[in-house]
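Please read the following note with the sequence and the 3D structure open beside it. The points are numbered so that each can be checked in turn.

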Amino acid sequence: MPKPDELFHAGHRERLKEKFLDKKLVEYEQLELLLGYAIPRRDVRPLARKLIQHFGNVYYVLNAHIDDLMAVDGIGRSTAILIKLVHSLICISHEKKLKEGSIYMNHDTLIDYCRMKMSELKTEEFHVLYLDANFCLQKHEVHSQGSAESSNVYVEKIMEYALKHNIKSVVLLHNHPSTDNTFSSIDIMLTTKLEYLLEICNIELYDHFVVAGGIVHSVRAEQLLSRSTNKPVS
């Protein structure tokens, strides 16, 4: 026969599920409910609160690197994998939406997708999003991986793929894992060069985003390119 505390926790989790269905769970309770699927026989309320206190909020919990999650006392490998699985599914859902609809109609999804794809990286990476004639995502390429301070960009490789696959627009994306800084002077020079080369081939540079400190910066929004037109960013 189950012990009294086991009966209490079973009843508590059923109440959490009902509150979730009624859209009444607060932030830490939703995380608590998720943790309960990985840790079924323990009160995980303190752990949910500890994670939020450690990382700041649920967003940063989901976007934390798996090693950082496992460094929190009480978070084992299976629990960390479950959290990262949720993060991965959100990224997949955003990517599917961007492939099915124009990024002009899904700009907020694009910004959140870029933020989530780059947030947990400990080294700098440069990504390229290639868009078709309808401005839907055709391919997301991890273009290069570097150090905590820099990554390489191969302009010829970007141009070759864009021309070969009839790409009409590209989005550049990279991260600054070691600082909260926005675009560097080198970033702007590179973006200006690529925008010029793409323009010659009748390909648009939609934007260049840098993710730093959880913030998505845009060269268009910050008017950092001489020929840039303003485009919305959130």
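1. Lys23 sits in the loop that runs between α1 (4-21) and α2 (27-38), and in this predicted model its phi is near 60 degrees, which is a positive value in a residue other than glycine. The residue counts as exposed because its relative accessible area is 76%, and the cut-off for that word is over 50%.

2. A second residue to look at for its backbone angle is Gln223, whose phi is near 50 degrees, again a positive value in a residue other than glycine. Gln223 is placed in the segment after β5 (215-218), and with a relative accessible area of 54% it is exposed.

3. How many salt bridges does the model contain? The count comes to 10, where the rule asks for a side-chain nitrogen of Lys or Arg within 4 Å of a carboxyl oxygen of Asp or Glu. Three of these pairs are taken up in the points that follow, with the place of each partner in the chain and its accessibility.

4. Glu14 forms a salt bridge with Lys17, and the closest N and O atoms of the pair are 3.2 Å apart. Both residues belong to helix α1, and because they are three residues apart there, about one helical turn separates them. Glu14 is partly exposed, at 43% relative accessibility, and Lys17 is also partly exposed, at 29%.

5. Glu29 forms a salt bridge with Lys19, with 3.0 Å between the closest N and O atoms. Glu29 lies in helix α2 whereas Lys19 lies in helix α1, so this pair ties together parts that are 10 residues apart in sequence.

6. Lys122 forms a salt bridge with Asp68, and here the closest N and O atoms are 3.0 Å apart. Since Lys122 is in the loop between α7 (107-118) and β1 (125-131) and Asp68 is in helix α5 (residues 66-70), the pair ties together parts that are 54 residues apart in sequence. Lys122 counts as partly exposed, at 45% relative accessibility, and Asp68 is partly exposed as well, with a relative accessible area of 30%.

7. Helix α6 deserves a paragraph of its own. It has 24 residues and reaches 34 Å from its first C-alpha to its last, which is close to the 34 Å expected at 1.5 Å a residue.

8. Another part of the description of α6 concerns the surface. Leu85, which lies in this helix (residues 77-100), makes a nonpolar surface patch of about 270 Å² together with Leu89 and Ile92. Leu85 is partly exposed, with a relative accessible area of 45%, and it can join such a patch because the rule asks for over 30% relative accessible area and no salt bridge.

9. His143 is found in strand β2 (residues 137-145), and at 5% relative accessibility it counts as buried, the limit for that word being under 20%. What does His143 touch, once residues up to four places away in sequence are not counted? Its contacts are Phe126, His127, Val128, Asn152, Val153, Tyr154, Lys157 and Ile158.

10. Val58 is placed in helix α4 and counts as partly exposed, at 21% relative accessibility. Leaving aside neighbours within four places in sequence, Val58 is in contact with Glu27 and Ile52. Val58 and Ala48 are 10 residues apart in sequence, and their C-alpha atoms are 9.3 Å apart in space.

Definitions and conventions: Residues are numbered from 1 along each chain as its sequence is written. This is a predicted model: local features need pLDDT of at least 70, side-chain atom pairs count only at pLDDT 80 or more; totals for chains, interfaces and linings use all residues. Side-chain values use heavy atoms; hydrogens and water are left out. Patches are made of residues with over 30% relative accessible area and no salt bridge: like charges are joined within 9 Å, nonpolar side chains (Val, Leu, Ile, Met, Phe, Trp, Tyr) within 5 Å. Accessible areas come from the Shrake-Rupley method with a 1.4 Å probe; for residues, only the protein chains shown count as cover. Helices (H or I, at least four residues) and strands (E, at least two) are DSSP runs, numbered from the N terminus. Buried means under 20% relative accessible area, exposed over 50%, partly exposed in between (1.4 Å probe, protein chains only). Contact means heavy atoms within 4.5 Å. The expected span of a helix is 1.5 Å times one less than its number of residues.
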